[in-house]
Amino acid sequence: MTMSDSIASAAPDIELIAQPPRSELTALRDMMIHCVRKFPTYRRIFRDIGITDGDIESADPLELLRSLPTIGADELHRISMEAVAATDTIVDTETSSGTTSGGKIRFISSEDDAAEHQFLARLLRTCGIGPGDRVACMDTDPAAVMISFPRACELIPTAESYCLSTGAGFERSLTLLERLKPTALVSVPSIIERTLDAALASHTQVPDSIQRVIYIGEGMDEALRRRVRETLGADVFSYYGSSETSALGIECRAHSGIHLFGSRTLFEVERDLTFPERGELIVTTLVQKALPLLRYRLSDLVRLRPCPCYCELDEPRIDVLGRSDMFASILGSKIHHHALSESLARAGLSGPLQVFLERDSRSETMRLRVSDHNAHIEDRLLAAVLHDHQDVEFLYDGGMLDIRIEFLPSSDLLQDRKPDTLIDLR
């Protein structure tokens, strides 16, 4: 197959969200050269399509990009493992549970690290964070996610920035917040909700100093947004990113969708032919060297907003509708049905797996419904979940998550048309 044949056969329903300027096209060409020189997986992809080094140097980089296949979890894993040999300035890693066994790991170079924090500072400025702000970043385990935000705040610079760990006692975080009196709160929606619940139950006042809430890691429905606005009197902003790419965009002060900033990333969307205003987001990184991504499927469903924004930013806008796989979030930790199923299968599980997520006043509950002929390996099944999914183990050991394995007759589980399922009842 020649390069021209590949371009002609590229999927017509995948299109760029915004036309990149010349500087981004130059960065795209440089990134392709970097990928081919440093990563064997990309060398094979380009070779199989018939793209030569000379083509990369001279051809239209957008035409080259359109000729490439999209990549997913399998290619991501290989490219991630190749990063160790390709990059000699690795300073950090970011991991997540992923949708396949073994999870996802992103190695971060010193150049990537510096560029990411500069970009995150730009996003925070977009929603009004400035020199007078005191920013509290609250999570169940701040070192895992939130540590990037104080570092970005130092670049703004803000008056103060710090991480808070909630643990299982959400009411204790209220005492800290009251003492610190932050003007901005960065956290996960379910953690924000549990904190508000704790304030209501204990008749404790949430600090009225908070003027902005930036939520990450999960979606926030309109009911919770309204509750945050009414309880705190705060403006609410959605941050958008992924473990594979770090920050991608943020909601502006017009509150009309999430702006995708293209200086670091090219964005494509594979249109849903039934609902052409929405589709699956595909990203190509322009500056991320330790884990470069060319046409990577994020598995995020988005809706495009076509009209200019009132805030006058030129960056395109989207609404993030959800995931294209069976996925949920527990206090910011990602739970994937496929990953849980693979862990349990390795421990000896046979038959369907049904995952139910529930919540009471004290903790989250994950009920795993499986066939009763697995009852003799119950301890092994629980051990497999905790061993393979460190985020789940952390919540379980901290008393924030209760895991229950329920054994039902196979005939009961197989009554549903799709017996393997994840149902969020929260």
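1. Basis. This is a predicted model, in which local features need pLDDT of at least 70 and side-chain atom pairs count only at pLDDT 80 or more, while totals for chains, interfaces and linings use all residues. Residues are numbered from 1 along each chain as its sequence is written, and side-chain values use heavy atoms, with hydrogens and water left out.

2. Disulfides. With a disulfide defined as a pair of cysteine sulfur atoms within 2.5 Å, the count is 0. The closest cysteine sulfur to that of Cys137 belongs to Cys163 and lies 5.2 Å away, which is too far for a bond. Cys311 is likewise in no disulfide, its nearest cysteine sulfur being that of Cys252 at 3.5 Å.

3. Accessibility of these cysteines. Buried denotes under 20% relative accessible area, exposed over 50%, and partly exposed in between (1.4 Å probe, protein chains only). Cys137 has a relative accessible area of 0% and is therefore buried, whereas Cys311, at 30%, counts as partly exposed.

4. Tyr239. This residue is placed in strand 8, residues 235-242 (strands are DSSP runs of E, at least two residues, numbered from the N terminus). Tyr239 counts as buried because its relative accessibility is 16%.

5. Surroundings of Tyr239. Leaving aside neighbours within four places in sequence, Tyr239 is in contact (heavy atoms within 4.5 Å) with residues including Leu120, Phe149, Ile216 and Ala247. The Tyr239 side chain also reaches the backbone nitrogen of Ala247 at 3.4 Å.

Technical notes: Helices (H or I, at least four residues) and strands (E, at least two) are DSSP runs, numbered from the N terminus. A polar contact is a pair of N or O atoms within 3.5 Å; within protein, one must be able to donate a hydrogen and the other to accept it, and residues adjacent in sequence count only if both atoms are side-chain atoms.
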